[in-house]
Amino acid sequence: MESSRGGQNGIQLLLAAEQEAQHIVNTGRTAKQARLKQAKEDAEKEIAEFRAYMEAEFQRKLEQTSGDSGANVKRLEIETDEKIEHLKTEASRVSSDVVQMLLRHVTTVKN
């Protein structure tokens, strides 16, 4: 009878240990799920912040280049006008020489 009672106590101890182990596993699983959920929320927040930062940078650069494009167009117009004037001046300076050279070659008769 004594060994039977000892066996019962052993079984009860094993059942209690199994329940405690199951409780520890469930607690660990719940904690892991909570950590994963928190990590996902943190990652989503970080992604949203990064996206907002990149969008702001893009808008800033867009404004810089848009603002500059008007200035660039004006600068290019001025440079082009200056080059055209330079070419006109050079053309008028050498035009009489070119006309004389052409007349000399056109009127020269070769045998």
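Hi everyone, let's start with M54, which counts as partly exposed because its relative accessibility is 41%. On the terms: buried means under 20% relative accessible area, exposed means over 50%, and partly exposed is in between, with a 1.4 Å probe and protein chains only.

A word on the source. This is a predicted model, where local features need pLDDT of at least 70 and side-chain atom pairs count only at pLDDT 80 or more, while totals for chains, interfaces and linings use all residues. Residues are numbered from 1 along each chain as its sequence is written, and side-chain values use heavy atoms, with hydrogens and water left out.

Back to M54, which sits in helix α1, residues 2-107. Helices here are DSSP runs of H or I with at least four residues, numbered from the N terminus. Together with F50 and Y53, M54 makes up a nonpolar patch on the surface, and the three share about 340 Å² of accessible area. Those areas come from the Shrake-Rupley method with a 1.4 Å probe, and for residues only the protein chains shown count as cover. A patch takes residues with over 30% relative accessible area and no salt bridge; nonpolar side chains (Val, Leu, Ile, Met, Phe, Trp, Tyr) are joined within 5 Å, and like charges within 9 Å.

Now for the charged pairs. How many salt bridges does a search of the whole structure find? There are four, counting a side-chain nitrogen of Lys or Arg within 4 Å of a carboxyl oxygen of Asp or Glu. I'll walk you through some of them.

Take R60 and E57, whose side chains meet at 2.9 Å, N to O. Both belong to helix α1 and are three residues apart, about one turn of the helix. R60 is partly exposed because its relative accessibility is 36%, and E57, at 22%, is partly exposed too.

Next come R75 and E79, with their closest N and O atoms 3.0 Å apart in a salt bridge. Why are R75 and E79 separated by about one helical turn? Because they are four residues apart in helix α1. R75 has a relative accessible area of 40%, so this residue is partly exposed; E79 is partly exposed as well, at 31%.

Finally, E85 and K88 form a salt bridge at 3.9 Å, N to O. Is K88 buried or exposed? At 52% relative accessibility, K88 counts as exposed, whereas E85, at 46%, counts as partly exposed.

Key
Helix = DSSP H or I, 4+ residues; strand = E, 2+ residues; numbered from the N terminus.
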